[in-house]
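Subject: Structure for your review

Dear colleague,

Please find the structure below, followed by a summary of what was found in it.

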Amino acid sequence: MYTFKKEERLCNKRLIDGLFHNGSSFLCYPFKVSWMPADAMQQYPVQVVFAVAKKRYKHAVDRNTVKRRMREAYRLNKQSLLYDALNNSDKKLLLFISYIGKEIAPYDFFEKKMAKLLTQLAAEATK
C-alpha cells in the first residue's frame, strides 16, 4: 500500500512524449502537473515521473533532495487520495510532476501541497 515500485514509474520515452503532446496540465504551486488517461494494460492505476529543472537547481544534490521529498510525499498519499478514486471509476493515468518552486522547502510543505495536488487530480480525472 505504501510502496513505490519500478512498475509505477513512467520510463517509456514514447509515452512521455505523448503525455506532453496530448495530455492535460494544471498548476498547483510549487508543482506543474501533466496527465493523460492511459490504456488499461498497465498494472497500477498511475505511472508517474518526477522532474526538477536543472536550469533552476544547478547542483545535483539539490535536485535529488527535491525529487526525494516529492516521491516520499506521493508514496504516502497516493493510495487514499488518488488510487481509491481511480479504482472506483476504473481509470488509469500517466502522470508527470515537475517542481517549479524557487527554493527547497521543508518536507511538511511538500506533503501538504502533494495532498492538494492529488485531490485536484483525482477530481479532474474522474469527471
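Are Tyr-57 and Tyr-99 buried or exposed? In this predicted model, both Tyr-57 and Tyr-99 are buried.

These residues belong to a group of aromatic rings. The structure contains 8 aromatic pairs. One of them joins Phe-31 and Tyr-99 edge-to-face, at 6.0 Å centre to centre and with 65 degrees between the planes. Phe-31 lies in strand β2 and Tyr-99 in strand β4, 68 residues apart, and the pair thus links distant parts of the chain. Phe-31 counts as buried because its relative accessibility is 0%; for Tyr-99 the relative accessible area is 3%. Tyr-57 and Tyr-99 form a tilted pair, with 6.2 Å between centres and 35 degrees between the planes. Tyr-57 is in the loop between β3 and α2, so this pair ties together parts that are 42 residues apart in sequence. Through ring pairs, Phe-31, Tyr-57, Tyr-99 and Phe-110 are linked into a cluster.

Helix α1 spans residues 13-22, and its residues Ile-16, Gly-18 and Leu-19 are buried. They lie on the same side of α1 because they cover an arc of only 160 degrees around the axis. Lys-13, Arg-14, His-21 and Asn-22, on the other side, are exposed. The cover over the buried residues includes β2, β3 and β4. At the N-terminal end, Asn-12 caps α1, with a side-chain oxygen 3.0 Å from the backbone nitrogen of Arg-14.

Finally, the largest nonpolar core has 31 residues; Leu-95 and Ile-97 are among those with the most contacts inside it. Elements giving two or more residues to this core include β1, α2 and α3.

Yours sincerely

Technical notes:
Residues numbered from 1 in each chain as written. Predicted model: local features only at pLDDT ≥ 70, side-chain atom pairs only at ≥ 80, totals over all residues. Heavy atoms only, no water. Buried < 20%, exposed > 50% of the residue type's maximum accessible area, 1.4 Å probe, protein only. Helix = DSSP H or I, 4+ residues; strand = E, 2+ residues; numbered from the N terminus. Arc of directions from axis to C-beta. Contact = heavy atoms within 4.5 Å. Polar contact = N/O pair within 3.5 Å; in protein donor to acceptor, adjacent residues only side chain to side chain. Core = buried A, V, L, I, M, F, W, Y, C linked by side-chain atoms within 4.5 Å. Phe/Tyr/Trp six-rings, centres within 6.5 Å; stacked < 30°, edge-to-face > 60°.
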